[in-house]
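Try each task before you read its solution.

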Amino acid sequence: DINANQAIISEVLAANNVSKDQLILIHCAAGGRAAGMPDHFVAQGYKNIFYLAHAIFIDAQGNFTFTR
């Protein structure tokens with residue numbers, strides 16, 4: 001389960017050879033579980049980590065909207 005599990009997310013990033021300069025957006029569909037994640041990855045040397053604090057809705061066609 002990848003949900004807010006820093007160790008699993010770190011493994012996935014490493015397994016996929018994600019560059020420490022790659023833009024990474026962290027989002028929690030249910031609320032604030034992922035809010036502390038950016039600090040963890042910045043400490044590991046990732047430079048472009050951002051937390052999306054608002055809901056995102058994606059339809060079947062891939063269209064998306066952000067809400068507050």
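**Exercise 1. Find which residues of helix α1 (residues 6–15) are buried, and say why they lie on the same side.**

Step 1. Buried means under 20% relative accessible area, exposed over 50%, and partly exposed in between, with a 1.4 Å probe and protein chains only. Helices (H or I, at least four residues) and strands (E, at least two) are DSSP runs, numbered from the N terminus.

Step 2. In α1, the buried residues are I9, S10 and L13. These residues share one side of α1 because they cover an arc of only 100° around the axis; the arc is that of the directions from the helix axis to the C-beta atoms.

Step 3. The buried residues of α1 pack against β1 (23–27) and α2 (37–43), where contact means heavy atoms within 4.5 Å.

A note on the model: it is predicted, so local features need pLDDT of at least 70 and side-chain atom pairs count only at pLDDT 80 or more, while totals for chains, interfaces and linings use all residues. Residues are numbered from 1 along each chain as its sequence is written, and side-chain values use heavy atoms, with hydrogens and water left out.

**Exercise 2. Describe the backbone and exposure of N17.**

Step 1. Look at the backbone: phi of N17 is positive, near 50°, in a residue other than glycine. Most residues other than glycine have a negative phi.

Step 2. Check the exposure: N17 counts as exposed because its relative accessibility is 68%.

**Exercise 3. Which residues form a nonpolar patch on the surface?**

Step 1. Patches are made of residues with over 30% relative accessible area and no salt bridge; like charges are joined within 9 Å, and nonpolar side chains (Val, Leu, Ile, Met, Phe, Trp, Tyr) within 5 Å. A salt bridge is a side-chain nitrogen of Lys or Arg within 4 Å of a carboxyl oxygen of Asp or Glu.

Step 2. The patch consists of L23, L25 and F50, with about 330 Å² of accessible area together (Shrake-Rupley method, 1.4 Å probe; for residues, only the protein chains shown count as cover).

Step 3. L25 is found in strand β1, and at 55% relative accessibility L25 counts as exposed.
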